[in-house]
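Below are my notes, in the order I looked things up.

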Amino acid sequence: MLAASMFGKVLGVKFPGEGTINLERSFIFVRPVFVGQTYTMTFKVKEIDAESHTAILRCRMKDIDGKLCIDCTTKVKNNQQF
């Protein structure tokens, strides 16, 4: 879960940014994540509801070899970004 918390950091600080509230989050842990190794995170917007200021995103963490480690779907709300 420590590695999975990095998704929350990105969502709350970088994209979509400050003021983002996580409404729902679902994880699939495919491979272990180790301290000191390099990982890549990708975020893809699947759906935006401008009226309710919500978005559904698919977030993935892959290791240096491109193998999926964590697959996440999350619903976020940000009153200023959407």
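**Entry 1: a patch on the surface**

The accessible areas come from the Shrake-Rupley method with a 1.4 Å probe, and for residues only the protein chains shown count as cover. A salt bridge here is a side-chain nitrogen of Lys or Arg within 4 Å of a carboxyl oxygen of Asp or Glu.

I also wrote down what I'm looking at: it is a predicted model, where local features need pLDDT of at least 70 and side-chain atom pairs count only at pLDDT 80 or more, while totals for chains, interfaces and linings use all residues. Residues are numbered from 1 along each chain as its sequence is written, and side-chain values use heavy atoms, with hydrogens and water left out.

Which residues make the nonpolar patch on the surface? I found Phe-15, Val-45 and Ile-48, with about 250 Å² of accessible area together.

**Entry 2: around Phe-15**

I looked up Phe-15 next and found it in the loop between helix H1 (5–13) and strand E1 (21–29). Helices (H or I, at least four residues) and strands (E, at least two) are DSSP runs, numbered from the N terminus. Phe-15 has a relative accessible area of 35%, so I put it down as partly exposed; buried means under 20%, exposed over 50%, and partly exposed is in between (1.4 Å probe, protein chains only).

In what order do the four strands sit? I read E1-E4-E3-E2, an open sheet with antiparallel pairing; two strands pair if DSSP finds at least two bridges between them. E1 and strand E2 (39–49) stand at the edges with a single partner strand each, so one side of each has no neighbour in the sheet. Neighbouring strands are turned by 15 degrees against each other on average, direction ignored. For angles, axes are lines fitted to C-alpha atoms, for helices over the stretch in contact, and values run from 0 to 180 degrees between N-to-C directions.

I then went through the pairings:

- E1 and strand E4 (residues 68–77) are joined by eight bridges; Glu-24 has Lys-75 as its bridge partner in E4, and Arg-25 has Thr-74.
- E2 and E3 are joined by ten bridges, and Ile-48 has Ala-55 as its partner in E3.
- E3 and E4 are joined by nine bridges; Lys-62 has Leu-68 as its partner in E4.

Where does H1 go? It lies across E1, E2, strand E3 (54–63) and E4, running at about 55 degrees to E2; contact means heavy atoms within 4.5 Å. As for E4, seven of its ten residues are buried, so the rest of the structure largely encloses this strand.

**Entry 3: the turns**

I checked both hairpins. E2 and E3 have four residues between them, and His-53 in that turn has a positive phi of about 60 degrees, although His-53 is not a glycine. At 24% relative accessibility, His-53 counts as partly exposed. E3 and E4 also form a hairpin with four residues between them, where Gly-66 has a positive phi of about 85 degrees.

**Entry 4: charges**

How many salt bridges does the structure hold? I found two. Arg-58 forms one with Asp-71, the closest N and O atoms being 2.7 Å apart. This pair links distant parts of the chain, Arg-58 in E3 and Asp-71 in E4, 13 residues apart.

Asp-71 also meets Arg-60 in a salt bridge (3.6 Å, N to O), and those two are eleven residues apart.

Buried or partly exposed? Asp-71 counts as buried at 12% relative accessibility. Arg-58 is partly exposed at 30%, and Arg-60 is partly exposed at 25%.

Notes:
Patch = residues over 30% accessible without salt bridge, like charges linked within 9 Å, V, L, I, M, F, W, Y side chains within 5 Å.
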